[in-house]
Every structure is written in structure tokens, then in C-alpha cells.
Amino acid sequence: MDKVGIVGVGQTKYERRKVGETYPDMIYEVTVKALDNAGLTIKDIDNVITVSNDFWDGRTISSMAVQDACGCRHKDISTVEGDGLFGAFYGAMRVLSGSFSTTLVVVHNKCSQSKMNLITNAMFDPIYTRALGLDAITSAALQARAYMETFGVTEKQCAKVSVKNHGQAKNNPYAQLPLDIEVDDVMKSRVLCPPIKLLDASPITDGAAAVIWADEKAAQKAKAAPVWLKGAGHMTDAYHLGDRDLARSPALVGAAKKAYALAGVSDPLKEIDVAEVSDVFSYMELMWYEGLGFCSEGGGGQMIDQGLTGMNGVLPVNPSGGCLSANAVMVAGLARLIEAVLQVRGEAGDRQVPNCKNALAHGINGPCGQSHCVMIVGR
Amino acid sequence: MSQKKDQELLFVSSGEAEQPFEWSAGKHISKLLVEMRDHKRLIASKCPQCQKVLFPPRRVCADCFVEMDELVPLKGRGVIRCFTVLNFGFVDPNTGLQKPVPLASAYIQLDGTDTMFLHALEETDFHKIKIGMRVEPVWEEKRQGQALDIRHFKIIDE
Amino acid sequence: MGKRTAIVGTGQTKCSSARKDVNGQELINEAVRRALEDADLTLSDIDAIVIGNMDHFEGINYVDTWSVDGSGAYLKPIIKVTTGGTTGTTVAFAGYYHVASGLFDKVLTVAWEKNSESDTTGAIVTAIEPILERPTFGGAINAMALQASMYMAKYGATEEDAARVAVRDRKHALNNPYAHLHLNITVEDVMKSPMISYPIKYLDMCPRTDGACALIFASEDTAEKICPKPVWVLGLANRHNYTLFGDQPLVPMITMVEAAQALYAKIGITEPLKQFDVMELYMPSSYSGVQWIEELQLCPYGGGPELIASGVTDMGGECPINPSGGVLSTNAIGATGSQRVAECTLQIMGKAEQRQVPGAKMALASGFGGCFWSDLMALGARKPG
């Protein structure tokens, strides 16, 4: 793989409801932030990838809202509809193709503007499943139950993820929900859909994020040294929940395998310095440990019990607080990449993992983490 | 040899599937809607770099990629730059009901601006509409801070 | 850096106003199977999949993950790209960039739409800015009509001038078994058809169609090994410049002007009418068919009617436009841009049967949609140097 790296990043603060801001407002904010961060101007950007979802935005051709704000006048532009990390993947490919030396990737969502359960209900098959009223939370509850029953993972073990991530969010000025909580607080929080309780679930969030990819030559113009893409892969599982083994994530295993192969990683627990994964629900983080090969199948619960993924652990996971602390759907995946980049740069402030040479970012898309994207970045 | 029976092909209807939204208007559009609601006035944004006046008002001049703070008041009259009269109805996604037709609409360039914007015309006979005609807004008596506080634009002699 | 990329297979479904015999996944699968068959490949040969459509027409969220049974994406990478009417070309562009990046060797793209499943105009109206523009917007026909009225007033073009485009494209469609509408009409028929939105009449406008189109892209490492006549992607350019419809000059349509300038500069086109052998252009109304050929530099501004009347763009002319019948004959909106690419590919492969332009070696495909956005893709028989 040729060299392509990130030279600029920008995020909004993630908030429950950004009343005074529109999609273009947020996109302009993060575009300017990313350009400043890179020390580049809009003229240095060769092409743009926007990421948005028509259902979440309430308009078909949702990309139309942000054309002006992302500075795409006189440039090629395209749009990925899916998690921001997948959009970043496409943005990187556009540079690797040789057609462009830089790509700006932007993603936005204002989950506060509509009803999450109606929007996520719409991802289920209209002929058989939708009328059952499944949405993101109820389907996650099904998966959580399947996972916990299959491997004997407990609600308390899942709760430890929430305690860890909300606590770590205190070090992240962008996070929406930094919280000082104990396992007991999670166990006593309002039941949404058993076994998922309020503190097991990510919040409703508004936000936007941007990254700038550059090839080797263009990266020389940027302020900071680029953080190179070392490996990447993505993969999709089957669609109907009943066609899948919900306790396992073969798509994540496949995506990670590709990313590790490109990056030359054979023992992720030893060789990856920090990981930012998409913990949309607390149980998911444990499942993703397994899919990413940090432990064997079913070993997620033990990993969190042993504290292996805390800030002092052998592989810190989600120092940013993860999706549990801020989840503007789709933005979350790109936010994971941005956090990974900041870690490698040594710019992660209070959430910095010492001696970070490489970092892993992970994003999911579709019901119950059907699609997974894994990226490894480093110097 | 038996004949193959025609297979019954079914549909599954979504029924009334609502997707309610509450979109933030943002600072600039909010200012415009408040001006419209309270004072029957229109305002536009002016770019500090290229000096273009853009209606509807917005934060970023896309050509220059700079923020615009300056707001310019408009008289409200303008010119028809193009028009059409739609004859067939469709389900209006904002109401869920059939959109009444004929629906006459035009891109109007308001005096003092460099862009066009879409709004309805009063006249629905396309023989009587010509590009270049001057128009002025017809305001609703009770206004709520929305686009249709201007019911439509009417052609004037000027 | 970057791999030269070719298209090695195409697949189009039967298109009609309502494909009641298939659900969405089955429609997608029909196109996918045909493309694999055309390329003589199996699903296991495919390294990645790109899918596209316009969400609100079918009311399905996260179409990429939903499509798995139909698109073949089980345990493969799949992403969705969507940019309104330009989706079909955006999907093709994405297929190209996947392969050109060197990360994937053979990539399947599928673009589809089942317009029969919803109120097409109602869904299109949701594209437009919800607070200020939506209350008075009347859909795609509205937008086309507004631009048409401006063009006519500026250059004195007549409704008959546009009607000739409708006659040409609909006649061409008679040679295309995949086309939705097969109508043999005259200018008089168009003039007598009901006025939908002044100046667009019923026969001036595209239908709403159910259909899907799949393409298979392959890198230079394998294209020539697996395909007797791979069709090389020579260049791409697009401009989705605008957020608000009224911000841009409609006449000329600035996005098409810029995209053409960018593409032609990239691949050395100075006389498009001479250098291209055939064009498949996304022109949803006959008026667009008159105006946008000017933006493509096929004739000077205002010269569209004369070029159309000259017969140069008819079958048998110097540069036939829309031998497939174009968008006026088939418009499965999400798929339409891909169908333009597929038809150009068939032309260069020599597989276009009754609608073949003899000896076609260089073709231009265009996409249109969104806020008057434009996409262009140039394809050729010769591997780029």
C-alpha cells in the first residue's frame, strides 16, 4: 500500500442538542478546524467526501445540505452513507488512486432532531421485520442476550465497560458524558430493554468531525508530521438477525485480519498501543475485544475483569470515553479515528497513552454491528 | 401438461410511516424568519470578500469560503428569472396530503441580491407570466416565522 | 501510484414502471448475476461491493447492510454511496477509485431504484432545504421546467426544438431491449401531449422506472486476462457545487461547464464531437437535451437546437447521443447514471447489438441530479498510456 496519512483533524464538542446550529454550521466548524490543524487552506484540498444519512437528516440527498460549508466549489466530491470511518476509508482510496493528493472527509449528525427509534426501525426489512417494531436498542438487547448466554458474560462485566469509559471521558474535552460512576450505578439505572440499561447505552448526540488525508508529497506542506495509514479493512455480516450468530462477529474478525495483515501486526494485544472501538452499547466493547483478537472468543468479560483495557492496562481501549460518552451516529466512527491520530501524535492531553506508536480505530454500521471497519494508524 | 398458474404478487404497505423532525434554523435563517414574522421584512447576507449579496442569508460564502456577518435589508421586490406552473399533484412530504395544483413557482432575484430563490407565484396561467416581470411579496396576516409567511409573489406593473 | 482500471462486465435488469415480480433485493440480484455472467466471473472473484440508490424512494435505511442477500456482500466489504440523481455515476466512480487505489482488484458496483414503491415526487421534494425551499418546490420536473423557461427566453429556443430531442431518444430506445419505454413518436405527438409543468409536456419528460444496473471494475493486473475487450476508464470529473438551487447560474449550467472543462483538460479533449464516438448522457427532459450539449462544448451556447436538428447526434450521425434511448426512455433514478456507463461500455465492447455505433472506441457518460449537479466519465478501448 502506498503512503497516505492524516494531516488535519477537527471535531465539534459533542452535545445532547445543538439548538442554534445547522448541519452546514457544524461542517464549516470542523472543516475550518481541520484546515487550521493541518496548516492548510481550502485551496489545498483536492476533493471532498461527505458522510451523512438521509433518514437521520430528514432529507433525501442529505449531502446537499453541506456542499457550501465543506468548501467543495470547483472540486470533485462524493458521499458515503454509513459510518464515518467507512467514509474515511473511501477518502483514503481516492488519494491512493493517484487522482488526488488530498481528501477532506467530513461527517455530521444531529440525532436530537428526530426520533431515534423510528429512524433505526427503518433499517429493518420492510417486508417481514419492520412491523415488529425493532430498533437499535431492542435489537442490541437481543444481541447482548445472545452473547451473554453463549459465553457466560454477566451484566456486571458489561457495566464495567460503562464505568471505565464514562470515567475516561473526564479527560476528553469533546465528550458529552464524563461521569464518575460505579458498577452499582449502572446496575440500578433505568432499564431500557433488558439487559440494556440506560448507562449501558450511548446517548443521543449532535456533532460533526473532519479529517484531511494527504499523500507523501502534499503532507510535506502540512504543519504536523502525518500519521500514516498502516492497515485497513472492512467487512459485512449477513443482514437478517436470524441469519447471523449474534454472539460472534465474523465480519469484525475478517476486517481486522485484513487490517493487521497490511500493517504487519500478528499479536494485536502486544503490538497495538491503544484502541478506539465503537462501544455503542457496553456489551459491544467486550464483543469487539474478541473480534479484534485481543482475547479469545468469549474472553471479553475476563479482559475487563482483569483491567487489561483500562488506562494502565496492557492495551487501553477508548481513552476518549468512546461512544458511550458521545454518539453522534456515524460521526462516532470518524471520532475514533481522530482520537487514534491524536494518540499517535502525542496530542491527546490528559487521555494520552504514553509512548504511543500506533493506534487502532474501529467503526460499525447497520443493525447489531453488521458491518465493521478497522484502521490502524501510526508513524 | 398442466398450465402454470399466474402467481399472486403482493405488496406490503408501510401504512402511515411518520418521520417527524425539528430542524434547527440556525442563526441566519432564524434572523430572517423573525424579520418576516415580526416586520414583514427580508434580509440577505453580504460577503466581505467578494461583496456579493446572497439571499437567503447564510453563514458561509461558498465561493470565497469565508464567514459572512453583515446583513443587508431588502426592499422585498424582485424580478422573475424563470418560472413554471406545475399541473400534476404529488404527496407533500411536509403534510402527508396531496399538494394542490396548479402550482406556479419562480426563481426570483430580489432587488439588491446576486442570487435567486424559489417561491410561489400568484398567477397560475403560464401564458400570463414572462421572465423579467417584476414581483412583490404578498404577506399573510397571521405570520409564524416560516417560508409561507409570504403566501406568494404577485406580478406588479413597474 | 494508482492502477489503471477497466470495466469488464455489465448487467442491466429488465426495466418497467413496476417490477412487481421482484422485491428490492431480488432486483439488485438480477443485475448482479447478469454482470457476473457477462464478465464470466463468480461472486467469490469479487473483492468489494459498492451500492447506491436514493433512500426515500424505497424507505429503507442503511441499504448497504440490507442488500447483502441480493448484492452478494456476505463477508465482503460493502459501502453505500448516494448523491441524488448522480448516484448511478457516483457508484461507478466509487468502483473505479476502489480498484485504482490498489487495495481491491475486482469490484462490483450496483445501482438501483424501485420508483414504484413510493411517490417519486414526494420523495424528491424531501431533498430540498426543508425550511425555506421545500414549501414551494414541486419536484424534479419543477426544477427542469424552471431551467427550461430560462433557456428558452435567453436564446429564443422553441418547444419544438426540445421536442426533437424527445423524438430522437425515444426512437433510439426501439433498438434497446432494456429500455422501459419503446415509443415511436413525432414532434407533433410531443406538442399535443399534456402540459405537466410549463414548458415541459408529458412526452418531454422521463418516466419513473424500476431497474438496477451492475458494473464490474478490474485493475490492469487482471482486466486483460479475464476480458477480451476491457473498457478502460480514461478520466472522471464531477461538480456537486451547490447547496441551494437559486445560488447558481442555471443557464449555462455551471456544474456541467466545470466538470467538462476539468475532464477534457485531464484527458486531452479539444473537439468532443469529433473525439468521442458515442455519448450516453443523463438528460431527464428534452429541454436538458437541448441545453446541456452546449455545456459539454459540442456546440456554442445557444447552438443546441441547431445541432439537434442537424442529425449529427442521431444514430448514423457523427456522434450519436443516447443510442440506448437515454433517460427519456428509462429512469430508475439511482441506477440511471450506471446505465449510462454500462451502455457506453457495451458500445466499446461491440456488444450493443441493434443499437451499436459501428467502431465505437471512445465514449462519454454523464450523470445529473441533486442541486443541478454534474458527473462525467470518459471510457475508451485503448489502455491509457
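Colleague: How many residues does helix α5 of chain A have, and how far does α5(A) reach from its first C-alpha to its last?

Modeller: Bear in mind that this is a predicted model. Helix α5 of chain A runs over residues 136–151 and has 16 residues. From first C-alpha to last it reaches 22 Å. That is close to the 22 Å expected at 1.5 Å a residue.

Now its buried residues. In α5(A), Ala136(A), Ser139(A), Ala140(A), Ala141(A), Gln143(A), Ala144(A) and Tyr147(A) are buried. An α-helix has 3.6 residues a turn, so residues three or four places apart point the same way. The cover over the buried residues of α5(A) includes α4 (116–121), β5 (191–193), β6 (196–197) and α11 of chain A. After the helix comes Gly152(A), with a positive phi near 70°.

α9(A) covers residues 250–263, which is 14 residues. At 1.5 Å a residue it should span 20 Å, and its end C-alpha atoms are 20 Å apart, so the two agree. Buried in α9(A) are Ala251(A), Leu252(A), Gly254(A), Ala255(A), Ala256(A), Ala259(A), Tyr260(A) and Ala263(A). These buried residues pack against β8 (227–236), α10 (268–271), α11 (282–291) and β11 (371–378) of chain A. Just after α9(A), Gly264(A) takes a positive phi of about 70°.

Between the two chains, 50 residues of chain A are in contact with 50 residues of chain C. On the chain A side, the elements giving two or more residues are α2 (54–57), β3 (76–80), α3 (84–96), β8 and α9. By class, that side holds 23 nonpolar, 18 polar and nine charged residues.

Chain C has a helix pair of its own to inspect. The axes of α8(C) (residues 159–173) and α13(C) (residues 286–295) come within 7 Å and cross at roughly 105°. Angles of 65 to 115 degrees count as roughly perpendicular, and the two helices are therefore roughly perpendicular to each other. From α8(C), Asp161(C), Ala162(C), Ala163(C), Val165(C), Ala166(C) and Asp169(C) take part. They meet Ser286(C), Tyr287(C), Gly289(C) and Val290(C) of α13(C). The residues of this contact divide into six nonpolar, two polar and two charged.

Chain C meets chain B as well. Here 34 residues of chain C are in contact with 33 residues of chain B. Elements α6 (120–125), α7 (139–155) and β5 (195–197) of chain C each give two or more residues to that side. The largest share, nine residues, comes from α7(C). The chain C side has 16 nonpolar, twelve polar and six charged residues.

That leaves chain B. Its secondary structure comes to one helix and ten strands. Of the 158 residues, 36% count as buried. Among contacts in chain B with a separation of 6 or more, 49% come from residues 24 or more positions apart.

Conventions:
Residues numbered from 1 in each chain as written. Chains lettered and ligands numbered in written order. Predicted model: local features only at pLDDT ≥ 70, side-chain atom pairs only at ≥ 80, totals over all residues. Helix = DSSP H or I, 4+ residues; strand = E, 2+ residues; numbered from the N terminus. Expected span 1.5 Å × (residues − 1). Buried ≥ 20, exposed ≤ 12 C-beta atoms within 10 Å, placed from the backbone. Contact = placed C-beta atoms within 7 Å. Nonpolar A, V, L, I, M, F, W, Y, C, P; charged D, E, K, R; others polar. Axes fitted to C-alpha atoms, helices over the stretch in contact; angles between N-to-C directions. Parallel < 35°, antiparallel > 145°, perpendicular 65-115°, else oblique.
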